[in-house]
Amino acid sequence: MPAGDRVTVRKTYKLYIAGAFPRSESGRSYPVHSPDGELLAHAAQASRKDLRDAVTAARKAFGGWSGATAYNRGQILYRIAEMMEGRRAQFAAEVVAAEGISTDAAQAQVDAAIDRWVWYAGWTDKYAQIAGGANPVAGPYFNFSLPEPSGVIGVIAPQNSSLLGFVSVVAPAIATGNTVVVIASADRPLPAVSLSEALATSDLPGGVINLLTGSVSELAPWLAAHRDVNGLDLTGVEPAARIALAESAADTVKRVHAPATTDRSVLAGSDPGISRLGVFTETKTVWHPMGV
């Protein structure tokens, strides 16, 4: 075939559920535009059924992921950073298209996103030493308190950050052993979808991260009300819409995280700290008799 007659293969941006890339069961998609109105692609528009499938996948993966050693989880998070590092140029180009910022600014965001994976990878086997420890008790007992993952976490990623915001809310949740169902930025989902391709080739077990694209206003209420979701991160939800979601989450006794819009842990160039590592953990205290 002459070079000039070649048909361009356009990329189809899909969901990421249980380590696979399905289309929405509804068959729906929606157009994604750059800030200046250019059509970039059509992304899958997830449905309530897709969300239920994602929660099922996250629950199925939770036992293996939470039971893995913290060292192993750290190795896998570092592997994700390695996979992103090899595709820096692609991610930077997608962030430029999605957010309309300069190449230098986009590159800085990609670098910060890679650094977040490395940061949280390093904390996987150290956080328990900071948040837990031996307690001084009177009696013939040892007494230990340890942080444990909450379970399946529903996350609404920041809507104004296509990649760094996504990584900043997902990485700390899985670093401590949780599995997540995350709704990406509705208007800027493409870098996050490309990131899922790196996740699929980074030794991360299928189902640990499940990515949905589509309407936050359509999906978030079902995520907040789902009985098999243990925690809810509302970072990507406007303050006015948080109350209804928090009330819905309260019906199923979910832990809800609703940070200030100035949360520095999702900003480029800022120190993410370790506060997000403890958001979706529970403290387990164990008594053990001495001399046994």
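Strand 2 (residues 39–44) contributes the most to the lining of the second largest pocket, with six residues. This is a predicted model, in which local features need pLDDT of at least 70, side-chain atom pairs count only at pLDDT 80 or more, and totals for chains, interfaces and linings use all residues. Residues are numbered from 1 along each chain as its sequence is written, and side-chain values use heavy atoms, with hydrogens and water left out.

**View 1. The second largest pocket.** The volume of the second largest pocket is about 310 Å³. Of the 16 residues lining the second largest pocket, Lys-11, Thr-12, Tyr-13, Ala-41 and His-42 are the closest to its centre. A pocket is an open set of points on a 1 Å grid over the protein atoms alone, where a 1.4 Å probe fits, with protein on both sides within 12 Å along at least five of seven lines; lining residues have an atom within 4 Å of a point. A volume is the space filled by probe spheres set on the points, which are joined across faces, edges and corners. The lining of the second largest pocket has six nonpolar, five polar and five charged residues. Ala, Val, Leu, Ile, Met, Phe, Trp, Tyr, Cys and Pro count as nonpolar, Asp, Glu, Lys and Arg as charged, and the others, Gly among them, as polar.

**View 2. The largest pocket.** The largest pocket holds about 380 Å³ of space. It is lined by 20 residues, of which Pro-158, Gln-159, Asn-160, Thr-235 and Thr-261 are the closest to its centre. Nine nonpolar, seven polar and four charged residues make up the lining of the largest pocket.

**View 3. Helix 1 against helix 8.** Helix 1 (residues 48–67) and helix 8 (residues 216–225) pack with their axes 10 Å apart, at an angle of about 40°. Helix 1 is therefore oblique to helix 8 (angles under 35 degrees count as roughly parallel, over 145 as roughly antiparallel, 65 to 115 as roughly perpendicular and the rest as oblique). Axes are lines fitted to C-alpha atoms, for helices over the stretch in contact, and angles run from 0 to 180 degrees between N-to-C directions. Helices (H or I, at least four residues) and strands (E, at least two) are DSSP runs, numbered from the N terminus. Arg-48, Leu-51 and Val-55 of helix 1 are in contact (heavy atoms within 4.5 Å) with Leu-219, Trp-222 and Leu-223 of helix 8.

**View 4. Helix 3 against helix 7.** Helix 3 (residues 88–99) and helix 7 (residues 190–199) cross at roughly 160°, and their axes come within 9 Å. Helix 3 is therefore roughly antiparallel to helix 7.
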